[in-house]
Amino acid sequence: MSTLDATRAELALVVLYLNKAEARDKICRAIQYGSKFLSNGQPGTAQNVDKSTSLARKVFRIFKFVNDLHGLISPVPQGTPLPLVLLGKSKNALLSTFLFLDQIVWLGRSGIYKNKERAELLGRISLFCWMGSSICTTLVEVGELGRLSASISKLEKELKNTDKHEV
């Protein structure tokens, strides 16, 4: 077993463990966005719930960057075009960076990390990483839809060329 295979296996175990917090994060996300909607940007209880839930959700994402690091070093399926591979790996790198920097932002907001200016700068950088990963994800999905459409067209063409009564 190579070092890379061992690293992949170890990261896969960490990913399985970290995925257990996914459901709790989704529940908190629903509460956060619901209270954001109810507060309508106005100060009050709903806005306080939004802010505290936002901070709490960051705890569920501690070490979640490992998931995308695992995706970054994982092999890609055979036949995947190079541009889609590069976009997919870029998405993994950018999302992993976002999640890592987001932890520093959480440390700053919770008062553990004392350098507020640097935490805010890293917060802005992390949002650009998130935006970049979202763009990469969109491009990968559009590329995959194009590949799927091309293979469906090819299958339809092959079906038209076969005898309909042939068994």
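Phenylalanine 65 counts as buried, at 14% relative accessibility; here buried means under 20% relative accessible area, exposed over 50%, and partly exposed in between (1.4 Å probe, protein chains only). The model is a predicted one, where local features need pLDDT of at least 70, side-chain atom pairs count only at pLDDT 80 or more, and totals for chains, interfaces and linings use all residues. Residues are numbered from 1 along each chain as its sequence is written, and side-chain values use heavy atoms, with hydrogens and water left out.

Phenylalanine 65 pairs with phenylalanine 100 in an edge-to-face aromatic pair, 5.3 Å centre to centre with 80 degrees between the planes. For such pairs, ring centres of Phe, Tyr or Trp (its six-membered ring) lie within 6.5 Å; planes under 30 degrees apart are stacked, over 60 edge-to-face, and the rest tilted. This pair links distant parts of the chain, 35 residues apart: phenylalanine 65 sits in helix H4 (residues 65–73) and phenylalanine 100 in helix H5 (residues 82–109). Helices are DSSP runs (H or I, at least four residues), numbered from the N terminus. Phenylalanine 100 is partly exposed, at 41% relative accessible area.

The rule gives 2 aromatic pairs. Phenylalanine 63 and phenylalanine 65 make a tilted one, at 6.2 Å centre to centre and 40 degrees between the planes. Phenylalanine 63 is partly exposed, with a relative accessible area of 48%.

Over in helix H1 (residues 3–18) sits valine 15, which is buried at 15% relative accessible area. Leaving aside residues up to four places away in sequence, valine 15 touches Val66, Asn67 and His70, contact meaning heavy atoms within 4.5 Å.

Definitions and conventions. Helix = DSSP H or I, 4+ residues; strand = E, 2+ residues; numbered from the N terminus.
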